[in-house]
Amino acid sequence: MKRDTRLAWINGLLLPLLNVLTAFAATAVLFLLIGVNPLEAAETLLYGAFGYSEGIGYTFYYTTNFIFTGLAVAVAFHAGLFNIGGEGQAYIGGLGAGLAVFMLFPELSPWLMIPASVLGAMLFGGAWASVPGYLQAYRGSHIVITTIMFNFLAATLMVYLLVKVLREPGQMTPQTVLFPDNAWLPFVHDILPAFGLEMERSPLNLSILLAVFMCFLVWFFLWHTRLGYAIRVTGLNPHAAVYGGINQKKIIVVAMCISGALAGLVGINELIGYHHRIIMNFHLGYGFGGIAVALMGRNHPFGIVIAALLFGTLYQGGAELAFEWSNISRDIVVVMQGLVILFCGALEYMYKPTLIRWLAPVQEVRS
Amino acid sequence: MNFAIELQDIDKRFGAVHANDHVNLQVETGSIHGIVGENGAGKSTLMSILYGFYQADSGSIKIFGNEYQFTDSHEAIAAGIGMVHQHFMLVDNFTVLENVILGAEGGQLLAEGLQAARQSLKELEEKYGLDVDLDATVDSLSVGLQQRVEILKALYKGAKILILDEPTGVLTPQETDELFKIFAALKAQGVTIILITHKLREIMAVTDTVSVMRRGAMVAHLETPMTSESQLAEHMVGRKVLFNVNKEQVEAGDVLLSVKHLNWTDSQGVPRLKRINFDIRAGEVLGVAGVSGNGQSELLEVLSGITPIQEGSIQIKGQTFSPKEQANPAKMRTMGMAHVPEDRHKQGMVMEFRAAETAILGYHTDDELSNGPWLKPALGRERCADLMQAFDVRPDDVELKSANFSGGNQQKLILAREMEHNPDVLLIGQPTRGVDVGAIEFIHQKILAMRDAGKAVLLVSVELEEILSLSDRIMVLCDGEITGQMDAAKADERTLGMLMANAQQAHDPLQSIASGEGQS
Amino acid sequence: MKNTLISKTIKGVSLAIATSALSLSAMAADIKPAVVYSDAGKFDKSFSEAVWNNGVKRFMDETGIEVKEAEPTNLAQVEQYLKRLAKRGHSPIVAVGFSQTNAVLAAAQEYPDTQFTLLDGWAPEPNVQNVGFKEHEGSFLVGVLAAMKSESGVLGFVGGMDIPLISAFGCGYEQGAKYQNADIKVIQNMTGSTPAAFGNPSKGAELTRSQMESGADVIFAAAGGTGTGVYQAAADAGKYAIGVDSNQNHLHPGTMLTSMVKRVGEATYLSYTSAMEDNWQAGPVTLGLAEGGVDWALDEHNRPLITSQMEARVNDIKAKIIAGDIVVHDYRTDNACTY
């Protein structure tokens with residue numbers, strides 16, 4: 001095998017795999033310390049995530065969210081931008097989805113209603129991300145700082161809207177009225193019987209198809225369009241971008257818009273697909289999780305699907321663990337997820353030098 | 001004789017690049033020694049080895065007669081070596097005093113160390129005439145004073161040998177004068193100074209001895225009073241054995257590119273281009289000669305639309321660009337200009353891209369390669385395969401990562417991309433830098449073929465031989481100014497060398513900076 | 001005097017305890033109770049913890065019946081846990097906090113035979129017991145006490161998350177204070193706009209210090225875990241603080257003036273015991289002063305701070321509220337603090 005190919009395998013597969021295994025090993029030690037047999041715990045986790053149809057539904061429901069935010073982070077990353085604002089963009093995306101529904105006639109056909117809500121989510125998420133993008137491109141404010149600040153702004157704005165403006169009359173909970181049911185994206189458990197399959201009720205809805213479709217779209221966009229090409233040049237070599245006649249400032253804003261639009265789709269899975277009303281904090285954790293997902297998935301849509309599935313599994317399997325084991329609290333589950341993020345994100349390249357030395361050593365240059 | 005520094009047979013490679021080729025150097029204690037050479041000649045590598053940043057592959061280092069093997073800069077500092085970098089390593093919002101003790105705080109609590117440092121710094125300031133307010137924050141100081149802080153820092157750490165890397169690049173003429181006075185004071189106190197620069201006038205003004213480096217090798221050691229600027233320039237540029245290029249006389253056609261009164265000042269307020277005027281006709285190669293760093297890069301960037309025009313105008317095929325009507329690279333390409341950048345890694349390609357992707361950089365919006373917003377990767381691969389065949393790029397694998405081609409093949413791919421697009425005006429920077437001998441001849445033929453096809457070619461190169469053999473006309477840049485334009489037939493290395501050093505100019509060339517000096 | 005009043009107000013609760021204790025042996029095996037805590041966690045030093053201490057733990061200690069506990073991390077999990085518990089035959093299931101409203105609705109529809117008790121929310125289903133509290137009444141009482149204790153004529157209120165529920169605390173507090181002293185000034189601050197505002201002690205302390213700088217000398221915190229920072233800051237400055245939800249007087253004896261107790265634990269306990277007695281009832285249960293659902297706390301920790309005059313006054317007002325002579329405005333009815 002050529003060294004190049006070997007490096008690609010190391011980077012793309014071996015490294016993430018080793019990182020995940022390390023995280024699991026660390027979790028196993030943690031479990032032993034609190035008196036839990038790690039193998040039995042792993043069994044519970046896997047059973048919870050894949051052992052019965054409701055669990056599978058939850059796993060893929062979480063996965064859907066992580067695909068959206070993972071793609072969002074990846075698109076920004078290809079333009080050399082670190083979008084930490086997935087949380088806020090997802091939240092505002094949900095607002096856009098909901099507003100689209102409320103502003104249309106309630107009796108409108110779902111074939112128009114749902115696409116309109118998807119558009120609303122993408123528009124709002126994209127617009128929300130475009131402001132930090134603009135500030136980065138034209139005012140030099142660092143995108144990491146501004147996107148984080150925009151997360152807080154989004155939270156504050158949503159609380160204001162849900163408490164003061166959109167709240168269902170007579171209800172204390174800050175949430176809107178239920179969407180008319182032609183704005184509900186069908187649940188998978190309602191669809192499957194038509195194909196002769198049975199499934200327990202779960203939040204899993206057709207958004208997952210949208211997520212898969214978006215993976216293909218993002219892949220096509222990045223590698224098969226002019227704009228995608230320009231985004232990748234900008235991210236990899238800004239000097240070459242200038243030389244190549246690419247307007248970097250425009251690219252930064254556009255990439256952020258696309259990134260935010262993808263993150264906004266979390267609002268579709270959560271609100272149009274499951275809660276069927278705008279509620280508070282449906283987005284928590286997915287924006288940040290998306291960063292780890294994108295890192296693990298090497299910013300490639302297909303890698304992101306795998307990484308998102310891992311995180312979906314950890315979420316649902318973790319919930320099962322906390323539910324079934326009285327000595328595993330939900331905090332232990334968070335620690336477990338944190339370990340995966342630590343080893344796959346922060347310590348991403350820990351094994352890289354060793355692996356390269358072993359498996360793909362540099363040939364000595366002789367003259 | 002008593003030597004402060006003795007380097008023997010220092011050799012260093014970075015992959016395929018031979019950065020230092022068995023270098024020898026001896027510097028007498030208490031003298032000022034200059035090292036000149038073009039960018040990339042290996043000066044900085046040599047000094048980094050001396051300062052412990054890099055380790056030599058072979059060779060020995062002796063400081064005041066003792067042999068050392070530095071593994072980091074702390075050991076070099078302990079041996080009495082101090083370095084003032086081109087880019088200052090100061091913490092802007094610390095005071096001078098805090099900056100000086102950085103890395104030599106002397107214990108966990110600062111107060112004691114600061115007090116002791118203040119005392120000894122006062123003494124140093126007096127001894128060497130280095131006057132700086134110790135309690136001023138660094139960002140409130142002028143560039144010249146910041147440099148003094150760097151010098152103080154080195155002396156405070158006990159430096160007996162001071163290395164200065166391009167110290168005058170950012171200084172005003174007055175500040176330069178002040179710096180040279182400090183050199184004299186340091187020398188009088190027995191400090192040995194190594195001055196790295198490519199400004200020959202400064203070498204002549206302050207050094208006792210001078211060494212010339214070229215392509216990693218030490219090519220001359222000279223006593224400063226016994227040499228001249230033009231001799232140094234010759235040594236720096238050197239003669240390179242080139243293949244004979246058969247050049248037929250072609251009648252030059254219409255003016256395709258016309259540059260008028262171009263001035264350009266960098267962000268530090270230093271004028272980099274001054275009153276540049278020239279025309280290039282169809283079927284003509286205009287060679288731009290000069291020691292690198294004299295405005296060639298800036299000229300290419302302004303002409304190609306990468307940096308905005310500040311003053312003056314560029315006319316290409318009847319269309320005029322000026323500060324009001326700015327160009328940009330995309331617009332210039334549609335006007336029929338192509339640009340082979342000087343630094344291919346930095347600008348000309350994306351190392352992580354596959355060859356097929358690098359091969360469409362700048363042309364990704366071409367209708368041939370895309371269908372509206374959709375790219376057609378298959379056509380890109382096809383285009384790349386064609387380019388590879390036309391320019392004999394090896395290996396001819398369109399999927400190979402750009403970084404994995406050799407320098408020569410990368411350059412051929414970029415040349416192919418720009419030339420095969422059939423431009424009317426071609427800007428070429430350093431076409432054969434880091435390219436193996438076999439590819440050089442090929443590249444030269446391709447450049448001449450462009451000329452023969454009636455294109456206007458601007459060729460920027462630091463290789464005099466290349467300029468002489470390819471150009472129809474030659475223009476020499478020195479310090480941002482055109483110091484001479486002539487027919488290639490009438491030019492020889494000696495006259496060009498004189499012009500490159502601006503040797504016939506009586507007054508100090510630094511004076512001309514003073515006239516255009518602005519506050520950045 | 002005091003004893004009779006208190007015992008009167010918590011009559012319902014004590015009766016339930018007494019009767020449940022009697023029927024323990026007979027009914028013990030018949031129920032499989034469960035609880036789903038709020039997503040702030042079981043040990044939030046406030047709401048969920050009160051449910052655990054005064055409800056779940058007490059029930060388990062007294063009856064020996066295991067209560068299945070679940071701690072969700074997000075809203076989708078709340079529904080998942082509620083349904084899972086119902087599926088496994090648990091009943092009644094106590095859902096802690098208003099944020100579980102939608103999940104309880106969904107679960108109750110899917111499992112109509114399971115009994116759900118929702119604390120602080122409103123899920124109108126035939127098998128849901130919606131427990132609400134008249135926080136404004138209890139807050140009115142501590143407002144009276146604060147106004148009597150204050151020397152500066154300025155009071156402070158630190159709320160958690162900016163939602164109508166918390167505003168109801170602040171509004172009741174202000175009404176009580178103004179009832180006692182019409183000229184008194186009440187500074188109100190909310191810690192934040194997300195649930196994190198219920199777990200941010202350092203922000204709580206910061207708000208408290210700034211209120212004290214503006215002259216406040218009694219500060220009431222209705223902010224969950226954020227309150228610990230409020231009480232600490234007040235104690236450090238030698239000013240008074242008022243606790244919330246559970247009796248927090250013991251945290252800083254000498255500066256904790258009193259606590260506005262909200263008997264969520266008792267409501268939980270009651271749900272379980274009534275189910276054991278087979279008299280669990282769906283529908284709204286609103287617990288105010290009259291029902292002993294909210295109250296002010298007097299114990300050995302704050303005894304020295306409360307003069308007999310203060311005690312008499314506040315108990316007098318309490319009786320008037322119970323009798324309907326004083327009507328405390330509830331912010332939630334019109335989203336405004338008008339009275």
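Predicted model: local features only at pLDDT ≥ 70, side-chain atom pairs only at ≥ 80, totals over all residues.
Local features are kept at pLDDT of at least 70 and side-chain atom pairs at pLDDT 80 or more, while totals for chains, interfaces and linings use all residues. Residues are numbered from 1 along each chain as its sequence is written, with chains lettered from A and ligands numbered from 1 in written order.

Ten of its eleven residues are buried, so the rest of the structure largely encloses α13(A); buried here means 20 or more other C-beta atoms, placed from the backbone, within 10 Å of a residue's own. Among them are A:Y286, A:I291 and A:M296. Just past α13(A), A:R298 has a positive phi of about 55 degrees.

Elsewhere in chain A, α5 (residues 110–139) and α11 (residues 248–264) have axes that come within 6 Å and cross at roughly 150 degrees. Those axes are lines fitted to C-alpha atoms over the stretch in contact, with angles running from 0 to 180 degrees between N-to-C directions. The two helices are therefore roughly antiparallel, a label for angles over 145 degrees.

Chain A also meets chain C, and each of the two gives 24 residues to the contact, counted where C-beta atoms, placed from the backbone, lie within 7 Å. On the chain A side, α3, α6, α12 and α14 give two or more residues each, and α6(A) has the largest share, with four residues.

Notes: Buried ≥ 20, exposed ≤ 12 C-beta atoms within 10 Å, placed from the backbone. Parallel < 35°, antiparallel > 145°, perpendicular 65-115°, else oblique.
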